[in-house]
Amino acid sequence: MANRKTMALRTLQLAYHPLLAHILAEDSVQLISQSQFSCITDKELGVLFAQLTLPVTPHPTTADQYWLLAPCPVFFLLHKHPSATTLQVQIQIYPADDAESVIRTLSFIAPSLHYGLQTKPLQNLSKRHQLAKQHHQSVPSKQKLSLLTKTSPSAIRH
């Protein structure tokens with residue numbers, strides 16, 4: 001079974017597993033602007049990293065290096081934040097023999113489930129925002145949310 005470990009981001013040596021790199025070769029990813037980072041506070045960044053667990057397997061020839069077993073665009077986005085080097089991230093270390101099945105599950109099954117559950121993410125975000133405000137909770141502005149989602153504030157509506 002897999003073991004969990006917490007590591008400092010500044011010491012984590014990570015690369016995609018060769019099989020995963022091949023599978024992801026033609027993925028479309030939106031470029032990230034510096035303005036998206038400027039609106040994420042250090043506290044928010046810490047909470048986001050605390051929720052991440054990276055599935056990895058040890059590199060077969062290089063000690064202290066890991067191969068990533070799943071596409072993790074949020075990790076790579078957050079990792080570019082100027083304050084990220086001071087934080088830690090959890091890794092789930094799988095045996096090398098399990099790498100192919102983990103890649104298959106996390107590259108195809110997990111995204112399929114996620115897609116099926118998130119049919120209207122902007123509407124859900126708008127409803128959450130409205131309900132939280134009704135309960136006088138502090139919420140990010142729609143301007144901030146639109147910056148992170150790369151939409152206009154008016155697109156976050158229900």
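This is a predicted model: local features need pLDDT of at least 70, side-chain atom pairs count only at pLDDT 80 or more; totals for chains, interfaces and linings use all residues.
Neighbours within four places in sequence aside, Leu-9 is in contact with Phe-49, Phe-75, His-79, Ala-84, Leu-87, Gln-88 and Val-89. Leu-9 also belongs to the largest nonpolar core, which has 21 residues. Those with the most contacts inside this core are Leu-9 itself, together with Leu-12, Phe-49, Leu-54, Phe-75, Val-89 and Ile-91. Two or more residues of the core come from each of α3 (42-50), β3, β4, α4 and β5. Of these elements, β5 gives the most, with three residues.

Strands of a sheet pair through backbone hydrogen bonds, and they may do so in parallel or antiparallel fashion.

The individual pairings may now be followed through the sheet. Strand β3 (residues 53-58) runs parallel to strand β5 (residues 88-93), and four bridges join the two. Within this pairing, Thr-53 has Gln-90 of β5 as its bridge partner, while the bridge partner of Pro-55 is Gln-92, likewise in β5.

Strand β3 is also joined to strand β4 (residues 65-68), here by three bridges and in antiparallel orientation. Along this pairing, Val-56 stands opposite Leu-68 of β4, and Thr-57 stands opposite Trp-67 of β4. The hairpin formed by β3 and β4 has six residues between the strands, and in it Asp-64 takes a positive phi near 65 degrees.

Strand β4 is joined as well to strand β2 (residues 13-16), by four bridges, and these two strands run parallel. In this pairing, Leu-14 stands opposite Tyr-66 of β4. How are the two faces of β4 arranged, buried or exposed? Both are covered: Gln-65 and Trp-67 are buried on one side, and Tyr-66 and Leu-68 are buried on the other.

His-81 is placed in the loop between α4 (73-79) and β5. Is His-81 buried or exposed? Its relative accessibility is 7%, and the residue therefore counts as buried, the limit for that class being under 20%. Residues up to four places away in sequence not being counted, His-81 touches Phe-37, Ile-40, Asp-42 and Leu-45. The side chain of His-81 also reaches the backbone nitrogen of Ser-83, at 3.1 Å.

Terms used: Residues are numbered from 1 along each chain as its sequence is written. Side-chain values use heavy atoms; hydrogens and water are left out. Two strands pair if DSSP finds at least two bridges between them. Buried means under 20% relative accessible area, exposed over 50%, partly exposed in between (1.4 Å probe, protein chains only). A polar contact is a pair of N or O atoms within 3.5 Å; within protein, one must be able to donate a hydrogen and the other to accept it, and residues adjacent in sequence count only if both atoms are side-chain atoms. Contact means heavy atoms within 4.5 Å. A nonpolar core is a set of buried Ala, Val, Leu, Ile, Met, Phe, Trp, Tyr and Cys residues joined through side-chain atoms within 4.5 Å.
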